[in-house]
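Could you walk me through how some of the helices in this protein pack together, and point out a few loop residues worth a look?

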Amino acid sequence: MTSLSSAATRLRPVIRFVGAENLSLLIVLAIEIAVIVSQSPFFLGQRNLLNSLGQNIAVLGVLAVGESIVIIAGALDISVGSIAGISGVVAALAVNASWGRMQYALIAGLLAGLIAGLVNGSIVAFLRVNPIIATLGTFAAFRGVAFLIAPNGYPVGVGTKADFTWLGSGRLLQSDAFVGIPVILVILILVAVLGHVLMKYTDLGRSIYALGGNATAARLAGINLTRIRLTIYGISGTLAGLGGVLLAARTTSGAPLNGQGMELQAITAVFLGGAATTGGKGAVTATILAVIILGVLSNGMNLLGVQQYFQDVATGLLLIVSVAIAQWRAGRAERARTRVASVA
């Protein structure tokens, strides 16, 4: 008993540095990797880790960072996959119309995502529609818009635009001995760092946590809730737009169906990362760790030959378990606050 107590004491500085929730996610990730490595010798190879796993988690990670910010604010965005579809088509049309200039495609895709996000934010902030209902409606509407703007509803090919496809398949520091770091993975790292700084070190981040924790108290504290709601959906839409551009660049096609199903994976990652269903709690770093866990799970199942519909079942069950854990944590915190109030 004494040795266990002293071990716990020694681990406290490590837990404080990493964070208790991040530590639990790292333990889950380590167990997951150990199981997969024991079954597949290919998992730890450079090509698998950087090409298959790295590229697959990049787009989901970008979408999940935006979704994380929205959920911390106490809202939800079900439309991010559809926004990625629109933005990918817009970017593909822009790159074809501008003789392959990647910067025009990037700007066009980001603007399409921003506009879609502001539409979501306006519906929630001005029309007072519940975020789930609002983004469920735009989830379908945005997908329809993606088909409307794609010529005859068909995917827009960009395979000959090397500058643009470099975003999705280019590599840095490539050599004979090293497969190189995917550009798309570097973009995810930049987005994650910016998201972490925004939420942890800026007034906007603190306002987002305040809105999710208690909207009434945040309003009484002088926070402009309408502006914050428009901002979070603008950020989420822009990042979904970036995800759509990257997806089009990686698949060499701006297809209306690009991003389909990614909203479910993004929401799963955020709740798996410890965000509260009622808002006010969560972290971008934990969301990224959860994205890696989902990516490793999917990659491992692919290596082991597990069929896609079993993978969909696993993702759905993981979402249910994640939300159940989030609600249990919220209930425990509420009971603790009630006990403190009754003692006072």
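This is a predicted model: local features need pLDDT of at least 70, side-chain atom pairs count only at pLDDT 80 or more; totals for chains, interfaces and linings use all residues.

## Meet helix H4

Let us begin with helix H4, which covers residues 80–97.

Is H4 mostly covered or mostly open? The helix is mostly covered, with 14 of its 18 residues buried. If you follow the chain past H4, you reach Trp99, which has a positive phi near 55 degrees.

## H4 and H5 side by side

A handy idea before we go on: two packed helices are described by the angle between their axes and the distance between the axes. For H4 and helix H5 (residues 102–125), the axes come within 8 Å and cross at roughly 150 degrees. Angles over 145 degrees count as roughly antiparallel, and therefore H4 and H5 are roughly antiparallel to each other. The crossing of H4 past H5 is right-handed.

Which residues make this contact? From H4 come Ile83, Ile86, Ser87, Val90, Ala91, Ala94 and Val95. H5 brings Tyr104, Ala105, Ala108, Gly109, Ala112, Gly113, Ala116, Gly117 and Asn120. Sorted by class, the contact of H4 with H5 has 11 nonpolar and 5 polar residues, and no charged ones.

## A closer look at H5

Helix H5 has 24 residues. From its first C-alpha to its last, H5 reaches 34 Å, close to the 34 Å expected at 1.5 Å a residue.

The buried residues of H5 include Ala105, Ala108, Gly109, Ala112, Gly113, Ala116 and Gly117. Asn120, Gly121, Val124 and Ala125 of H5 are buried too. As you look at the numbers, keep a general rule in mind: an α-helix has 3.6 residues a turn, so residues three or four places apart point the same way. What covers the buried residues of H5? The cover includes H4, helix H6 (131–149), helix H7 (162–169) and H11.

## H4 meets H11

H4 also packs against helix H11, with axes that come within 7 Å and cross at roughly 55 degrees. H4 and H11 are therefore oblique to each other. Here, H4 passes H11 in a right-handed crossing.

On the H4 side, the contact is made by Val80, Ile83, Ala84, Ser87, Gly88 and Ala91. On the H11 side, you will find Ser236, Gly237, Ala240, Gly241, Gly244, Val245 and Ala248. The residues of this contact divide into 7 nonpolar and 6 polar, with no charged ones.

## H9 and H11

Now for another partner of H11. The axes of H9 and H11 come within 11 Å and cross at roughly 105 degrees. H9 and H11 are therefore roughly perpendicular to each other.

Leu204, Ser207, Ile208 and Leu211 of H9 take part in the contact. They meet Leu225, Ile228, Arg229, Thr231, Ile232 and Ile235 of H11. By class, the contact of H9 with H11 has 7 nonpolar, 2 polar and 1 charged residues.

## Residues in loops and a strand

Leu173 sits in the loop between strand S2 (171–172) and strand S3 (181–182). Its phi is near 60 degrees, a positive value in a residue other than glycine. With 65% relative accessibility, Leu173 counts as exposed. Thr252 is in the loop between helix H11 (225–251) and strand S4 (253–254). Thr252 is not a glycine either, yet its phi is positive, about 55 degrees. At 33% relative accessibility, Thr252 counts as partly exposed.

Ser253 lies in strand S4. Is Ser253 buried or exposed? Its relative accessibility is 15%, so Ser253 counts as buried. Leaving aside residues up to four places away in sequence, Ser253 touches Pro155, Val156, Gly157, Val158, Ala248 and Asn258. Asn214, in turn, has its place in the loop between helix H9 (203–213) and helix H10 (215–220). At 41% relative accessibility, Asn214 counts as partly exposed. Asn214 and Ser253 are 39 residues apart along the chain, and their C-alpha atoms are separated by 43 Å.

Conventions: Residues are numbered from 1 along each chain as its sequence is written. Side-chain values use heavy atoms; hydrogens and water are left out. Axes are lines fitted to C-alpha atoms, for helices over the stretch in contact, and angles run from 0 to 180 degrees between N-to-C directions. Helices (H or I, at least four residues) and strands (E, at least two) are DSSP runs, numbered from the N terminus. Angles under 35 degrees count as roughly parallel, over 145 as roughly antiparallel, 65 to 115 as roughly perpendicular and the rest as oblique. A crossing is left-handed if the near helix is turned anticlockwise from the far one by less than a right angle, and right-handed if clockwise. Contact means heavy atoms within 4.5 Å. Ala, Val, Leu, Ile, Met, Phe, Trp, Tyr, Cys and Pro count as nonpolar, Asp, Glu, Lys and Arg as charged, and the others, Gly among them, as polar. Buried means under 20% relative accessible area, exposed over 50%, partly exposed in between (1.4 Å probe, protein chains only). The expected span of a helix is 1.5 Å times one less than its number of residues.
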